[in-house]
Structure formats: C-alpha cells, structure tokens
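Let's take a friendly walk through this structure together. Have the sequence and the 3D view ready, and follow along as we go.

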Amino acid sequence: MHVYSPWWLDNKKLDFPRGYHIELWGGMGMPSYGFGFNQSAVNEYIGEEVGGYGHKIRDEVKDFYGSLVGLSGRGESIARKENYCEIDPTTVDEFGIPVLRFNYQWSDNELKQARHMHETFEEVLGNMGGKLLGDKPGPEKKYGLHNPGRIIHEVGTTRMGSDPKTSVVNEFERLHDVENVFIVDAGPFVSQADKNPTWTIMALSWRTSEFIIEELKKQNI
Ligand SMILES: Cc1cc2nc3c(=O)[nH]c(=O)nc-3n(C[C@H](O)[C@H](O)[C@H](O)COP(=O)(O)OP(=O)(O)OC[C@H]3O[C@@H](n4cnc5c(N)ncnc54)[C@H](O)[C@@H]3O)c2cc1C
C-alpha cells in the first residue's frame, strides 16, 4: 500500500527550495513474537522490554499489533554543476564498456529539507498520539538522508534545454546534434522532482510521439 501525500507548503516561508512528498507506511507485522523465542526481549520496533506469556503477551498483542506507523520523506534535489557523472576511466562492465562514475554530494538545501521532514513528522505523529521510536538523526547523520541514488529514481544525464551548448535534447527530446534521434526515457530530466519519475517519462514520451507523427505527416523526418 502506497499512501502518498503531495507537497503542501509555501517555499517562500521556508529556508529551502522545492518540496517533498510523504509516504506513509505501517502494517500488521508487529509485535512478531516467535514461538519459543523472542518472547522476552527488547522489541526492535517498540524499543522496550516486551514479551512473556499469558495475559502479558495477550495485552501486548492488543496494544501493539498493527500500531506501527512510519513516515518517509522524498524530496526534490536541485541539479548543481558540482554534481555530475562521467565515464569511469578505469572500471568497465562485463562487456568491456566503461561504466558511469557519479560525483554527488548533498547540499545545504537537502539538509534543511530533511530537518524540516523530521520536525514535521514528529509533529504529525505526536498529534496522532504516537510514541516516537528510534533515534532522531541530527546534523552528524545528515538528518537521516540516505546516500544519493539510494531511492533508485534514475533520471538525467541527457538534459533537455533550448541551448545546444548546455543541453543534449530539445523540448521534444530530439538530439540537438542528430535530428532523427529522440531520447524517450528519464535522460532528458533536468531535475528529479519529489515525484516518482515514471508518469513524467510517459508524458514526455507521449509528447515526443505526437511530434514525430506530425513531422512524419509533413515528411520532415
Ligand atoms: C526497484 C525499483 C523500483 C522503482 N519504483 C518506481 C516507482 O514505483 N515509480 C516510479 O515512477 N519509478 C520507479 N523507479 C524508478 C524508475 O524505474 C526509473 O527512474 C526509470 O526506469 C528510468 O527509466 P530509464 O528508461 O531512463 O532508464 P532504465 O529503465 O534504467 O533503462 C536504461 C536502459 O538502458 C540499457 N543500457 C544501459 N547501458 C547500456 C549500454 N551501454 N548499451 C545499451 N543499453 C544500455 C539498460 O539495459 C536499460 O534497459 C523504480 C526503480 C527501481 C530500480
């Protein structure tokens, strides 16, 4: 189940650009006591000693089963010149083709955005009457930001733009340099919005297809 809350705030009132969406998760998995094990231990979700037999375990199952709720934030990271990929000078794939090497650092924008996520999620969960579990990551842990690329929404590298000096394809995903080549995947993205990319890939491909049909009718390609 993928409950998805879109961005709702006004960036003019915030100290970072762009937004993030919230993915809500939870489920019926806990407390997950085992049969003959795990009945008296610090539960990894609840963070306190639980377990036992008889009434105690029955009460805990009633209290905890299905009570775990989590919020994940997925934010937009603005493209910066310092973040780029290049052809790796030494590493090749199984076919001997050089692989891509990524140079990517989080900027202050993402750190502030991640801090805002934590403050917001604490507020939401607190107002729900929830008990916060786990350690709250501070600046030393980059407010819980994962390593760049961890969320596997691969986009960019053949960016779209009107200037052939700074972009690879035009607004119809057609190469500036070679007229009959179109890139209809996530390559033309100039930024990874907080949204998942596939619908935008589809929408851009649709626009490109219509352009190709129109150009074909005119016998331009
Ligand atoms: C596990 C997972 C879950 C995801 N879930 C979602 C989701 O729920 N919603 C969403 O919107 N997005 C999701 N994404 C992200 C989305 O799938 C990607 O952003 C998207 O597929 C990128 O599309 P693409 O066509 O640009 O690249 P890809 O789909 O990666 O296609 C690149 C293609 O190029 C080929 N290729 C690479 N090198 C060469 C070469 N040298 N020669 C010839 N061919 C080559 C590869 O084999 C591949 O077929 C998910 C991604 C993953 C991995």
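## Strand 2 and its partners

Start with E23: its bridge partner in strand 5 is S72. The model you are looking at is predicted. Strand 2 and strand 5, which covers residues 68–75, are joined by eight bridges and run antiparallel.

Now look at the pairing of strand 2 with strand 1. Strand 1 spans residues 3–5 and strand 2 spans residues 20–27; three bridges connect the two, again in an antiparallel arrangement. Here you can find S5, whose bridge partner in strand 2 is I22.

## The sheet as a whole

What holds such neighbours together? Strands of a sheet pair through backbone hydrogen bonds, and the pairing can be parallel or antiparallel.

In what order do the three strands of this open sheet lie? The order is 1-2-5, with antiparallel pairing. Strand 1 and strand 5 are the edge strands, as each pairs on one side only. On average, neighbouring strands in this sheet are turned by 25 degrees against each other, direction ignored. Helix 2, made of residues 108–127, packs on the sheet and touches strand 2 and strand 5. The direction of helix 2 makes about 155 degrees with that of strand 5.

## Around the ligand

Next, find the ligand. The residues surrounding the ligand include I97, a run from I152 through H153 and E154 to V155, and another from D185 through A186 to G187. N196, P197, T198 and I201 are also part of these surroundings.

How many residues of this shell are nonpolar, polar and charged? Six are nonpolar, four are polar and two are charged.

Terms used: Residues are numbered from 1 along each chain as its sequence is written. This is a predicted model: local features need pLDDT of at least 70, side-chain atom pairs count only at pLDDT 80 or more; totals for chains, interfaces and linings use all residues. A residue is near a molecule or strand if its C-beta atom, placed from the backbone, lies within 6 Å of it. Ala, Val, Leu, Ile, Met, Phe, Trp, Tyr, Cys and Pro count as nonpolar, Asp, Glu, Lys and Arg as charged, and the others, Gly among them, as polar. Two strands pair if DSSP finds at least two bridges between them. Helices (H or I, at least four residues) and strands (E, at least two) are DSSP runs, numbered from the N terminus. Axes are lines fitted to C-alpha atoms, for helices over the stretch in contact, and angles run from 0 to 180 degrees between N-to-C directions. Two residues are in contact if their C-beta atoms, placed from the backbone, lie within 7 Å.
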